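Please examine the sequence and the structure shown below.

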Amino acid sequence: MRLLDEDPHIWPEEPVGGALYVHGLMADRTRAGRGTGGRLLTWAEERARERGLHTVRLDCVAHNHALRSYYEHRGYLRRATHDFGPDSALHPVMRYEKPLDPR
């Protein structure tokens, strides 16, 4: 997992500094790895709060309904599909963001 200060490729219209962006989150989905993804997301959300940010954003392939459901269950809100255009080899992605409660 990587944490970024900006993501102009996926969120080009968003100003820099308003959110923390999660990229490349991968976790072991076997029994031994259960809960790892949630712990990593919680950790990322805590880093955002420490920096005074109120939003965490991420994206996933739009047709991955299981992953989309997982993010939505964790409180991430669907914002929009981002399509890279007809000449791109990249699949459209669904953009999500989670507003954070200050602690």
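In this predicted model, Glu-72 has a relative accessible area of 31%, so this residue counts as partly exposed. Its side chain meets that of Arg-78 in a salt bridge, with 3.1 Å from N to O. Arg-78 is likewise partly exposed, at 46% relative accessibility.

This pair belongs to a set of nine salt bridges in the structure. Another of them joins the side chains of Arg-79 and Glu-97, at 2.8 Å from N to O. Here distant parts of the chain are linked, for Arg-79 lies in strand S4 and Glu-97 in strand S5, 18 residues apart. Arg-79 is partly exposed, with a relative accessible area of 42%, whereas Glu-97 is buried, at 15%. Through shared partners, salt bridges join Glu-14, Arg-57, Arg-79 and Glu-97 into one network.

Arg-57 has a further neighbour. Its charged end sits over the ring of Trp-11, 4.8 Å from the ring centre. Arg-95 also lies over the face of Trp-11, at 4.4 Å from the centre of the ring.

The strands may now be considered together. Five of them form an open sheet with mixed pairing, in the order S1-S2-S3-S5-S4. Strand S1 (2-4) and strand S4 (77-82) are the edge strands, each pairing on one side only. On average, neighbouring strands of this sheet are turned by 25° against each other, direction ignored. S1 pairs with strand S2 (residues 20-23) in the antiparallel sense, over three bridges. Within these strands, Leu-3 stands opposite Val-22 in S2.

Helices lie against this sheet. Helix H1 (residues 36-50) lies across S1, S2, strand S3 (55-61) and S5, and runs at about 155° to S2. H2 packs on the sheet as well, touching S3, S4 and S5, and its direction makes about 165° with that of S3.

Aromatic side chains provide a further view of the structure, which holds four aromatic pairs. In one of them, the ring centres of Tyr-71 and Tyr-96 are 6.1 Å apart and the planes stand at 55°, so the pair is tilted. Because Tyr-71 lies in helix H2 (residues 65-73) and Tyr-96 in strand S5 (residues 93-99), the pair ties together parts that are 25 residues apart in sequence. Tyr-71 counts as buried, at 5% relative accessibility, and Tyr-96 is buried with a relative accessible area of 0%. Ring pairs link these residues into a cluster of Tyr-70, Tyr-71, Tyr-76 and Tyr-96.

Terms used
Residues are numbered from 1 along each chain as its sequence is written. This is a predicted model: local features need pLDDT of at least 70, side-chain atom pairs count only at pLDDT 80 or more; totals for chains, interfaces and linings use all residues. Side-chain values use heavy atoms; hydrogens and water are left out. Rings of Phe, Tyr and Trp (its six-membered ring) pair if their centres lie within 6.5 Å; planes under 30 degrees apart count as stacked, over 60 as edge-to-face and the rest as tilted. Helices (H or I, at least four residues) and strands (E, at least two) are DSSP runs, numbered from the N terminus. Buried means under 20% relative accessible area, exposed over 50%, partly exposed in between (1.4 Å probe, protein chains only). A charge sits over a ring if NZ of Lys or CZ of Arg is within 6 Å of the ring centre and within 35 degrees of the ring normal. Two strands pair if DSSP finds at least two bridges between them. Axes are lines fitted to C-alpha atoms, for helices over the stretch in contact, and angles run from 0 to 180 degrees between N-to-C directions. Contact means heavy atoms within 4.5 Å. A salt bridge is a side-chain nitrogen of Lys or Arg within 4 Å of a carboxyl oxygen of Asp or Glu.
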